[in-house]
Amino acid sequence: MDEQPRLMHSHTGVGMAGHPGLPQHMQEGTGGTDGDGRKQDIGDILQQIMTITDQSLDEAQARKHALNCHRMKPALFNVLCEIKEKTVLSIRGAQEEEPPDPQLMRLDNMLLAEGVSGPEKGGGSAAAAAAAAASGGAGADNSAEHSDYRAKLSQIRQIYHTELEKYEQACNEFTTHVMNLLREQSRTRPISPKEIERMVNIIHRKFSSIQMQLKQSTCEAVMILRSRFLDARRKRRNFNKQATEILNEYFYSHLSNPYPSEEAKEELAKKCAITVAQVSNWFGNKRIRYKKNIGKFQEEANMYAARTAVNAANASSHGSQANSPSTPNSAGGYPSPCYQSDRRIQ
DNA sequence: ATAGATGATTGAGT
DNA sequence: ACTCAATCATCTAT
């Protein structure tokens, strides 16, 4: 701040008597004969300053210019410097260097892990692959789901990045705007660089809290997407007809002991193009549902029994298989089915 | 739109 | 580890 000539000593007072914020010398003196003119000047300046925000931009600009050129301006500047010194609006060290917010760190880590905030490709597909592995589905048939997941994830990532960029840009714009404003104001009132720095910090904190909200909602979106992708129930597809027939064939031809061994399960899984776990699920469901309502499955049982009987007949070529599949519930001759229904067909 | 079918999950029992 | 039983979430046929 340049040295300002001290024009205001010994006169003054002027319409601000007893103002608590003003230095002593401003509040004493009654104004001499030529004090009236200065009184008027200072009154004008203050009036203009007080009303400057009520005016349009152009008006304000003109007013500001007029103020800067006003002959009393250096004096006012000095006074403001003194007030500032006295009121000690000191910028204390002020809780700077705030420790990194743990929640923000969590969010950042998660976004990184999910491949949202990290490098363009690598992380994302890794996370998706992990998710795919966790879902336990057959590698081949969930590739569609997988790409769907990836597409949605990259959609989220794109939104995240554009939003983030927007915020950063807005933050920078706003910061430079405020800094320019402060710099300009520093011509009329004393502003230390420290104050500007503090103001910038405040702005950055505000914007980073907005960013945190963005990160939070992005995390939520990813979590929802992930849970949908991982919960196989949500993307359940019925097995194709052929697979169901293979499974049913085995079930009804082993009705007395419908518990396929590990090897049998593997074989069935391969034939049906599903996983061993899915075979186990299927048999678990089938057993319990068959047992619960044998009547309902009677027709199905008869059908498969007949089919296996026919197959057996064909397989043994013309082996004079006289016994027609008229007793299908015997399930091709399997002994004492464990879920044997009491009623016979027809 | 709805009921029933169906594949997956969960928790208890062995 | 495997199965049962209940339940969930979705699919499918009506």
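Predicted model: local features only at pLDDT ≥ 70, side-chain atom pairs only at ≥ 80, totals over all residues.

Residues are numbered from 1 along each chain as its sequence is written, chains are lettered from A and ligands numbered from 1 in the order in which they are written, and side-chain values use heavy atoms, with hydrogens and water left out.

The description begins with the interior. A nonpolar core is a set of buried Ala, Val, Leu, Ile, Met, Phe, Trp, Tyr and Cys residues joined through side-chain atoms within 4.5 Å; buried denotes under 20% relative accessible area, exposed over 50%, and partly exposed in between (1.4 Å probe, protein chains only). The largest nonpolar core has 20 residues, and those with the most contacts inside it are Leu247, Phe251, Tyr252, Leu268, Val279, Phe283 and Tyr290. Two or more residues each are contributed to this core by helices H9 (241-253), H10 (262-272), H11 (276-292) and H12 (294-315), where helices (H or I, at least four residues) are DSSP runs numbered from the N terminus. H9 gives the most to this core, with 6 residues. Apart from it lies another core, of 13 residues, including Val116, Ile156, Cys219 and Val222.

Helix H10 illustrates how one element is oriented. Its buried residues are Ala264, Lys265, Leu268, Ala269 and Cys272. Viewed down the axis of H10, these buried residues fall within an arc of 135 degrees, so they line one face of the helix; the arc is that of the directions from the helix axis to the C-beta atoms. On the other side of H10, Glu263, Lys270 and Lys271 are exposed. The cover over the buried residues of H10 includes H9 and H11, with contact taken as heavy atoms within 4.5 Å. Alanine 273 follows H10 and has a positive phi, near 60 degrees.

The structure holds 6 salt bridges, each a side-chain nitrogen of Lys or Arg within 4 Å of a carboxyl oxygen of Asp or Glu. One of them joins glutamate 245 to arginine 307, the closest N and O atoms being 3.1 Å apart. Glutamate 245 lies in H9 and arginine 307 in H12, so the pair ties together parts that are 62 residues apart in sequence. Glu245, Glu249 and Arg307 are linked in a network of salt bridges. Glutamate 300 forms a salt bridge with lysine 286, with the closest N and O atoms 2.6 Å apart. Here glutamate 300 belongs to H12 and lysine 286 to H11, so the pair ties together parts that are 14 residues apart in sequence. Lysine 286 is buried, with a relative accessible area of 9%, whereas glutamate 300 is partly exposed at 25%.

DNA strand B is surrounded by 12 residues, the closest being Arg236, Gln278, Asn281, Asn285 and Arg289; a residue counts as near the strand if one of its heavy atoms lies within 4 Å of it. Sugar and phosphate account for 53% of the atoms of DNA strand B that come within 4 Å of the protein. H11 supplies the largest share of the surface near DNA strand B, 5 residues. For phenylalanine 239, a backbone N or O atom lies 3.4 Å from a phosphate oxygen of DNA strand B.

Conventions
Polar contact = N/O pair within 3.5 Å; in protein donor to acceptor, adjacent residues only side chain to side chain.
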